[in-house]
Amino acid sequence: MAANMYRVGDYVYFENSSSNPYLIRRIEELNKTANGNVEAKVVCLFRRRDISGNLNTLADSNAREFEEESKQPTLSEQQKHQLKHRELFLSRQFESLPATHIRGKCNVTLLNETDVLTGYLEKEDCFFYSLVFDPVQKTLLADQGEIRVGSKYQAEIPDKLAEGESDNRVQEKLETKVWDPNNQLKDPQIDQFLVVARAVGTFARALDCSSSIRQPSLHMSAAAASRDITLFHAMDTLQKNNYDLAKAMSTLVPQGGPVLCRDEMEEWSASEAMLFEEALEKYGKDFNDIRQDFLPWKSLASVVQFYYMWKTTDRYIQQKRLKAAEADSKLKQVYIPTYTKPNPNQIMVPGSKPGMNGAAGFQKGLSCESCHTAQSPQWYAWGPPNMQCRLCASCWIYWKKYGGLKTPTQLEGAARAGSEPGPRSHMTRQEVQGMSPFTRNEGRAKLLAKNRQTFILQTTKLTRIARRVCEDILQPRRAARRPYASINANAVKAECMIRLPKATKTPLKSKLVPRQSLAAIVKDLAISAPLKLKASRGPPTPINRNQASQPRVGQSLLGKRGFDSTTGVPYPTNGRPYTSGMRTTSQSVIKRQKVSQGEAPNPVVFVATKDTRALRKHLTQSEMRRAARKPHLLVRIKLPPPPRSLAMPLLPSSTSEPIVLED
């Protein structure tokens with residue numbers, strides 16, 4: 001009975017989704033609606049999965065500082081992982097939820113320096129918080145104020161003067177003397193002067209037009225003149241006149257008229273006071289928000305001073321009594337029975353009892369994603385539907401209460417459907433490439449600066465066997481077309497272990513391809529390098545002056561000529577001419593995709609040399625097309641035989657006989 005009774009101030013679990021973890025809230029009020037239902041006004045607390053990655057990094061640094069300062073014992077990786085599930089972030093956000101969605105109580109405390117973090121892991125339904133999260137500003141701040149230590153906050157105490165040593169400091173520069181208790185006046189004389197000061201203040205308010213409008217009666221003016229501001233002014237007047245009553249009297253009433261002293265209670269109008277009461281009810285004693293949202297024309301010192309003066313009025317006492325009566329009329333507690341309806345994520349075979357393994361669409365033999373157990377009285381579907389992941393009964397309760405898995409896994413982030421915009425399976429290839437750090441030069445530079453070590457992904461024997469045995473589940477062709485979609489490797493391996501005993505004992509046929517050495521490969525590349533041939537220049541081509549007016553229909557080496565270019569008149573394949581509303585193939589508009597400068601890859605330019613152009617002339621048109629369609633194949637070029645040169649007689653390099661030239 002006591003476990004199902006919920007009161008104001010309790011920390012409770014709220015369920016807003018059957019697949020998402022519970023919400024943790026603190027009950028502030030219990031209100032009964034017109035339908036007879038009970039609604040709870042609650043304070044929101046957030047988990048780590050509800051905030052951004054930058055704020056998680058800030059929370060990690062704060063946790064490390066706390067561990068170093070409080071000298072916590074060394075924690076294992078699994079304990080650190082589970083401790084993040086116990087950390088919450090308080091907020092100032094309120095919301096109203098139906099009380100029927102409450103699923104149990106929990107305990108949330110402010111983290112103290114004397115607390116041991118492992119103690120939270122040993123207790124069930126136990127959480128802690130140390131930072132405050134602002135959902136609007138997206139900030140994390142410390143909940144408790146820090147101790148201000150240093151020269152900015154503490155005064156430096158000088159050494160004590162020795163006996164007989166005089167203080168050479170100028171006292172007027174260090175402090176201001178406002179009252180001397182060892183004056184020549186007696187207490188009755190001071191009281192009489194204060195009464196005169198109140199009378200002068202009442203007369204000054206009668207002469208002031210604004211004061212007479214605000215306090216039309218004599219009693220209100222006399223009450224305003226009896227406030228502390230008038231007494232402080234009277235005592236300052238005595239101090240300035242060296243406690244001479246005659247001089248002080250003349251100072252109270254100068255030649256221009258009596259001096260009027262007013263405090264914040266008189267400076268504020270009735271409408272401003274009502275705005276302040278409304279802001280105080282909404283924000284409490286958060287004077288910065290009160291000034292910013294309700295009274296921006298007032299200074300912060302004025303707002304604080306008015307608050308402490310307002311607490312001395314009857315208005316404050318009346319509001320305090322009204323709040324007490326309103327709290328008495330509200331519900332103090334509510335009884336919520338235990339929720340026993342089945343969860344929609346339960347995996348059950350149609351027509352069988354609850355608690356049986358397997359379900360329609362789920363592969364048998366799958367293990368729990370958290371504890372990797374294969375036996376459980378009840379299984380629950382978890383994560384994206386296409387992943388076919390599931391949790392056992394104990395891990396499902398842990399997921400609902402703490403918002404994570406007992407052991408860290410890669411699929412835990414994929415199950416956060418509420419915090420992420422959507423799974424990658426619904427994104428286009430361009431969107432997925434836009435999310436990758438390799439698409440921009442800045443991201444590539446950051447990644448290279450972070451880690452310049454190369455790595456390889458080496459598959460195990462079980463992985464290679466699973467690719468062959470579970471080819472129907474893995475679907476390698478479909479996975480190759482969608483490389484951005486994740487593959488449940490654990491499910492494939494689990495199914496492979498089931499199918500391996502049933503698989504054939506005949507060894508798989510594999511063709512061994514001998515690999516050449518590096519020296520042999522370099523030698524083959526050097527042999528297959530293109531020859532440098534010098535092309536002979538032919539006669540110059542004459543320039544046709546009428547070429548500008550004629551259409552260029554000559555076909556290029558790498559282009560195909562369309563059917564309509566042969567006749568000049570476009571005709572379709574059926575022989576009928578096109579109508580005015582139809583568009584031919586040559587008229588189709590091709591939109592080029594614009595690539596920004598930051599996302600463009602590094603340019604690779606192939607410059608054709610004279611030798612390359614000379615070799616192209618020896619290729620036929622069909623060979624050129626074949627080379628363009630299959631650029632990975634080698635091109636065989638039949639070079640023409642070199643021109644024969646005339647045999648010249650060999651002459652000796654030097655002779656003693658004369659050379660005779662005959663005509």
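Q: What makes two strands a pair here, and where do helix and strand names come from?
A: Two strands pair if DSSP finds at least two bridges between them. Helices (H or I, at least four residues) and strands (E, at least two) are DSSP runs, numbered from the N terminus. This is a predicted model: local features need pLDDT of at least 70, side-chain atom pairs count only at pLDDT 80 or more, and totals for chains, interfaces and linings use all residues. Residues are numbered from 1 along each chain as its sequence is written, and side-chain values use heavy atoms, without hydrogens and water.

Q: How do you know that strand E2 and strand E3 pair?
A: Four bridges join E2 (residues 11–14) to E3 (residues 23–32), in the antiparallel sense. Phe-14 stands opposite Leu-23 in E3.

Q: What joins E3 to strand E4?
A: Eight bridges do, and E3 runs antiparallel to E4 (residues 38–46). Lys-32 stands opposite Val-38 in E4. Five residues lie between the strands of this hairpin, where Gly-36 takes a positive phi near 100°.

Q: Why is Tyr-402 called buried?
A: Buried means under 20% relative accessible area, exposed over 50%, partly exposed in between (1.4 Å probe, protein chains only). Tyr-402 has 3%, so Tyr-402 is buried. Tyr-402 is found in helix H15 (residues 393–402).

Q: Why does Leu-639 count as partly exposed?
A: The relative accessibility of Leu-639 is 36%, so Leu-639 counts as partly exposed. Leu-639 is in the segment after helix H25 (621–629).

Q: How far apart are Tyr-402 and Asp-125 in sequence and in space?
A: They are 277 residues apart in sequence and 8.3 Å apart in space, C-alpha to C-alpha.
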